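Visitor: I would like to go through this structure with some questions, starting from a single residue. Please show it first.

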Amino acid sequence: MGMPASPSCFGYPLSIFFIIINEFCERFSYYGMRAVLVLYFKYFLQWDDNLSTAIYHTFVALCYLTPILGALIADSWLGKFKTIVSLSIVYTIGQAIMSVSSINDLTDQNRDGSPDNIPVHIALSMIGLILIALGTGGIKPCVSAFGGDQFEEDQDKQRSRFFSIFYLSINAGSLLSTIITPILRAQECGIHSKQRCYPLAFGVPAALMAISLVVFIVGSRMYKKVKPQGNIMVQVSKCIGFAIKNRFRHRSKEFPKREHWLDWASEKYDKRLIAQTKMVLKVLFLYIPLPMFWALFDQQGSRWTLQATTMDGNFVGYFLFFFLYVHLQQTVNPILIIIMVPVVDAVIYPLIKKCKINFTPLRKITVGMFLASLAFVAAALVQVQIDKTLPVFPAAGQSQIKIVNLGTDNVAINFPPPLQQVNVKPKGWVSNKTWRITNAVNITMGETSFGNLLSLSDSDYKLFPGGRTDKITVIRNSTNFSVTSKSLGFGSAYTIIIDECSGGTCNVSYSEDISPNTVHMAWQIPQYFILTCAEVVFSVTGLEFSYSQAPSNMKAVLQAGWLLTVAVGNIIVLIVAGASKLSEQWAEYVLFAALLLAVCIIFAVMAYFYTYVDPNEVEAQLDEEEKKQAKKDMDMYEKQAEADSQM
């Protein structure tokens, strides 16, 4: 074991408290960064929705591919402790680079509020994300197992409770970070110009990762550190490889068939390893359809986040749903998870049992897949309503014209065919646009300056948070005039017309260039609720099923396999979204729902033919056979020894 047992606290090893704090901080760091990542791609790097979604899912896939590398390093080379420390350093550096990459002033040489060298920011972002993926994925299979190592063999009850607390720390870190980091992003910061504060939104997760590393190292002397025992995944892979190669060599009919194709490894590997590998492969075969679930589930952080940006986020009068405000809708999932897990375990499952329904683990997983498909149908219905309210932009070869009459009389304007006559009433107005005020004026709205504007001139458009009012200040000849703007709608664009400033105030009128979003964000709640129910019966049950069907020394193999399904799911998003070529987002949602429904049916058929096993019974039977074989060998040895003595 390498080190003595950790000091005890309330019957638990003191070392596990350092591990739980470490996990809380790490999950805060990861989910906090991920909560604003797709928005960073879209609004800072100026990528479109499809590219933002593609890079987001590529990153998530990478985060779930690297656990295999982490497990190999820990089991075959460094051990869990050194692996966690080493990769946490890489992780912290990656988070710090992400924070630096989002500093607007880094390349803003002309101080106009926009980065002058976007490729520099992109390069730094990609380096940061690769390091984060290597770090978070690499330590993922190590931390929980390292926590389990701290307990003695007679502490099964405490170990079970530790994993419950460990899972709670994951959700607590996720929940807090998805609430806090979007708020940090909404702040304005910068040296030369005030912009959305991505450096703070990424910087706080970087700081939490550094704290996570320090806390973990502080507990070093208390940890029980198991030395690397050799990676069981490597042994399983070699066993499978040898069986395939040996079967290919003996494909002639003169060689008798064996009960299972893995039995062709018996010439080199013992019966126990072959039997355990059979059990693992049996479960891994059931994993084949599962990535499709994750393909839908992880779109909460990409497509559903982007969907929320086209909706009305004004929650005045909707206080029960305040947590959905603009980008905070990602907090719904962890909140619902914390609520739904005990409800499902304590209420739903017992009720199903009372109805005498045999709700097996594989049936639960099937129901979870069906619910996820249903959640995307709900998302498609919401998207259809959103599309009805979105502005219609001119197609290729077309233009849109808007005319504003700044005079005092009605006018009629004629265009040559096929355009028609339009009547324009007089209107005095500003926005980011026009003025009937004599002399140059300086305009600010809130903390945003439109600069100096001459009479009848217009400014550039500026971005403002939706759903709030701001103070408009007009300075003319050193005299200040102010007026409070009306509430700006989410996703809207206005031309504000300022006219006749006197008595400390101005006349203001508004022209709606783009209508505000009218479909409220609260309509996303049903799809989040359904998907959370799907997660509870799918993910929690899947882990439980995997552990119950895996041999004692191969649970890590199935853990890596389970994480791999998440990675493949995110790759599926990239493939389907890229190949579908669908122009309508609702149609893409329906496509994903249909694909998962088809996969759900296939999985249900596979589950019907699956036979549950008890690995403990199988291993006990193997132990008994080994004892009998050992006794038989001993008897033969004694008989041989007796025969030799008589000669």
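**A residue and its contacts**

Visitor: Which residues does Thr53 touch, not counting residues up to four places away in sequence?
Guide: This is a predicted model. Thr53 is placed in helix 3, residues 49-101. Leaving out residues up to four places away in sequence, the residues that Thr53 touches are Ser302, Arg303, Leu306 and Leu574.

Visitor: Is Thr53 buried or exposed?
Guide: Buried means under 20% relative accessible area. Thr53 has a relative accessible area of 3%, so Thr53 is buried.

**The loop between helix 2 and helix 3**

Visitor: Which residues is Leu45 in contact with, leaving aside its neighbours within four places in sequence?
Guide: Leu45 is found in the loop between helix 2 and helix 3, and is buried at a relative accessible area of 3%. Neighbours within four places aside, Leu45 is in contact with Tyr40, Ile118, His121, Ile122 and Ser125.

Visitor: What is the phi of Gln46?
Guide: Most residues other than glycine have a negative phi. Gln46 lies in the loop between helix 2 (37-44) and helix 3, and counts as exposed at 58% relative accessibility. Gln46 is not a glycine, yet its phi is positive, at about 65 degrees.

Visitor: How many Å apart are the end C-alpha atoms of helix 7?
Guide: Helix 7 covers residues 232-249, which is 18 residues. At 1.5 Å a residue the helix should span 26 Å. The end C-alpha atoms agree with this, being apart by 26 Å.

Visitor: Which residues in helix 7 are buried?
Guide: The cut-off for buried is under 20% relative accessible area. In helix 7, the buried residues are Ile232, Met233, Val236, Cys239, Ile240, Phe242, Ala243 and Asn246.

Visitor: Which strands stand at the edges of the open sheet of 4 strands?
Guide: The order in this open sheet is 8-7-9-10, with antiparallel pairing. Each edge strand has a single partner strand, so one side of each is left without a neighbour in the sheet. The twist from one strand to the next averages 15 degrees. The edge strands are strand 8 (448-453) and strand 10 (479-484).

Visitor: Which residue in strand 8 stands opposite Val441?
Guide: Strand 7, residues 441-445, pairs with strand 8 in the antiparallel sense over 5 bridges. In strand 8, the residue opposite Val441 is Leu453.

Visitor: How many residues of strand 11 are buried?
Guide: Strand 11 runs over residues 493-502 and has 10 residues. The strand is largely enclosed by the rest of the structure, because the number of its residues that are buried is 8.

Visitor: Which residue in the turn between strand 11 and strand 12 has a positive phi?
Guide: Strand 11 and strand 12 (residues 505-514) run antiparallel and are joined by 8 bridges. Ala493 stands opposite Ile514, and Asp499 stands opposite Asn507. The two strands form a hairpin with 2 residues between them, and the turn residue with a positive phi, about 65 degrees, is Gly503.

**Cores and totals**

Visitor: Which residues touch the most other members of the largest nonpolar core?
Guide: In soluble globular proteins, nonpolar side chains tend to be buried together. The largest nonpolar core here has 122 residues, and those touching the most other members are Tyr30, Leu37, Phe59, Tyr64, Phe293 and Met369.

Visitor: Which helix supplies the largest share of this core?
Guide: The largest share of this core amounts to 13 residues, and comes from helix 3.

Visitor: Buried residues make up what percentage of the protein?
Guide: The protein has 16 helices and 12 strands. It exposes about 32300 Å², of which carbon and sulfur atoms supply 62%. Of its 647 residues, the buried share is 48%.

Methods
Residues numbered from 1 in each chain as written. Predicted model: local features only at pLDDT ≥ 70, side-chain atom pairs only at ≥ 80, totals over all residues. Heavy atoms only, no water. Expected span 1.5 Å × (residues − 1). Buried < 20%, exposed > 50% of the residue type's maximum accessible area, 1.4 Å probe, protein only. Contact = heavy atoms within 4.5 Å. Pairing = 2+ DSSP bridges. Axes fitted to C-alpha atoms, helices over the stretch in contact; angles between N-to-C directions. Core = buried A, V, L, I, M, F, W, Y, C linked by side-chain atoms within 4.5 Å. Areas by Shrake-Rupley, 256 points an atom, 1.4 Å probe, with all protein chains shown as cover.
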